[in-house]
Amino acid sequence: MNIHPPENKQVSPYFTFYLVSTMQIGVGVLGFQRYIAKSAGHDAWMTVIFSGILIHLLVWMIYKMLKRSDGDIIAVHNDVLGKWIGGLLSSIFMIYSAFLALTVLRTYIEVIQVWMFPHINTWGISFILSLLVYYLVSGGFRMITAVAFFSVLIGTPLVFLKFFAIKDAHIYNILPLFDHSLIDNFVSTKAMTLNYLGFEMLFFYYPFIKNPETSHKWSQWGVLFTIVIYTITAVVSFSYYSQGQLKHTIWATLTIWKIVEFPFVERFEYIGISMWLFIVLPNICIAIWCVTRGGKRLFSVKQKHSLIIIAILVFIGTLLFKDRQQIDQLNNWVSKVGYYFIYFYIPLLFLLQLLIYKVRQRKNE
């Protein structure tokens with residue numbers, strides 16, 4: 001199978017800026033503050049920056065691996081670990097991608113149920129969103145990229161709404177600096193993982209980028225954009241809320257939206273949540289597309305056929321998680337798996353590939 005699709009199915013390198021950043025800015029930004037502040041308190045905003053620096057390094061590793069194998073994650077696995085072991089690990093990565101899509105979809109549905117329509121059935125809104133995702137993914141990778149592009153354009157202005165909270169913020173809420181131990185900051189960094197997940201989907205769509213090596217800088221810019229968004233959100237939130245308030249505020253960003261006032265709208269959080277659909281849609285679409293792409297590469301199953309199955313499974317999955325505790329467990333589980341994948345498996349695979357290529361190079365000399 002030809003790993004690299006024809007040029008009319010590829011996208012320009014600069015689109016990786018949008019593909020990377022849109023996967024990282026999803027439902028997590030609506031309430032991540034409470035989780036990272038549990039251990040590091042008012043110092044947690046610094047762990048946002050530290051985590052982002054690590055992501056920059058991991059993106060560099062991904063590009064190095066993909067360039068050596070001249071393909072996707074399946075090519076890397078087959079090249080380093082062989083067809084069977086590599087295929088098994090690629091299948092696990094596909095399952096992880098499916099759960100990432102499920103987590104985003106179910107969490108967004110919860111936001112709608114808590115903040116807008118408390119009595120709406122999960123299956124109804126999940127069915128509508130699943131159909132929308134199916135339509136977008138069936139349009140191919142270029143359509144998904146277009147959705148990611150508009151996602152960033154629509155979502156960026158919402159960042160400036162945080163400045164409504166600055167007039168009531170108290171900067172001393174984030175003082176004194178460096179008031180927590182390295183262990184506390186490490187735990188906070190781990191809690192931040194779920195919010196930065198998604199960049200690893202590069203492993204699948206790398207061949208769909210024209211001259212993919214040149215897209216590296218755009219991917220790094222995308223990560224930097226994400227870091228800036230999360231850092232601004234964290235600093236404003238920690239300045240606005242006291243630590244006691246933050247412990248009992250599940251959706252800190254949404255609560256800040258409640259103080260936004262315009263002459264023509266009274267409850268802006270309703271508009272914000274509705275607009276956030278355009279932010280989470282590419283999250284779900286890219287993750288599901290990666291699963292179908294992996295199915296085509298590994299099992300020669302047409303993507304339009306596997307897409308139907310995956311969309312149905314994700315829809316059913318949303319019905320299995322019914323309350324806040326179960327959804328929180330889903331988020332924690334995906335966060336833990338993602339944590340070990342990006343911080344342990346990617347560096348391990350990078351070193352293993354580097355070692356194997358060094359050995360092969362010496363044998364050919």
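Modeller: The largest cavity holds about 130 Å³ of space, where a cavity is a set of points, on a 1 Å grid over the protein atoms alone, at which a 1.4 Å probe fits but cannot get out, and where grid points are joined across faces, edges and corners and a volume is the space filled by probe spheres set on the points. This is a predicted model, in which local features need pLDDT of at least 70 and side-chain atom pairs count only at pLDDT 80 or more, while totals for chains, interfaces and linings use all residues. Residues are numbered from 1 along each chain as its sequence is written, and side-chain values use heavy atoms, with hydrogens and water left out.

The structure holds two cavities of 30 Å³ or more. The largest cavity is lined by 14 residues, and Ile25, Gly155, Thr156, Trp276 and Ile279 are those nearest its centre; a lining residue has an atom within 4 Å of a point. Two or more of the lining residues come from each of helix 7 (141–159) and helix 11, helices being DSSP runs of H or I with at least four residues, numbered from the N terminus. Helix 7 provides the largest share of this lining, six residues. By class, the lining of the largest cavity has nine nonpolar, four polar and one charged residues, with Ala, Val, Leu, Ile, Met, Phe, Trp, Tyr, Cys and Pro counted as nonpolar, Asp, Glu, Lys and Arg as charged, and the others, Gly among them, as polar.

The second largest cavity has a volume of about 40 Å³, and its lining is made up of Leu105, Ser130, Val133, Tyr134, Ile284, Ile288, Ala311 and Val314. Seven residues of the lining of the second largest cavity are nonpolar and one is polar, with no charged residues.

Helix 11, which also lines the largest cavity, spans residues 216–240, and its axis comes within 9 Å of the axis of helix 3 (residues 44–69), crossing at roughly 170°; axes are lines fitted to C-alpha atoms, for helices over the stretch in contact, and angles run from 0 to 180 degrees between N-to-C directions. That angle makes helix 3 roughly antiparallel to helix 11, a term for angles over 145 degrees.

Key
Parallel < 35°, antiparallel > 145°, perpendicular 65-115°, else oblique. 1 Å grid on protein atoms, 1.4 Å probe; cavity = no way out; pocket = protein on both sides within 12 Å on 5 of 7 lines; lining within 4 Å.
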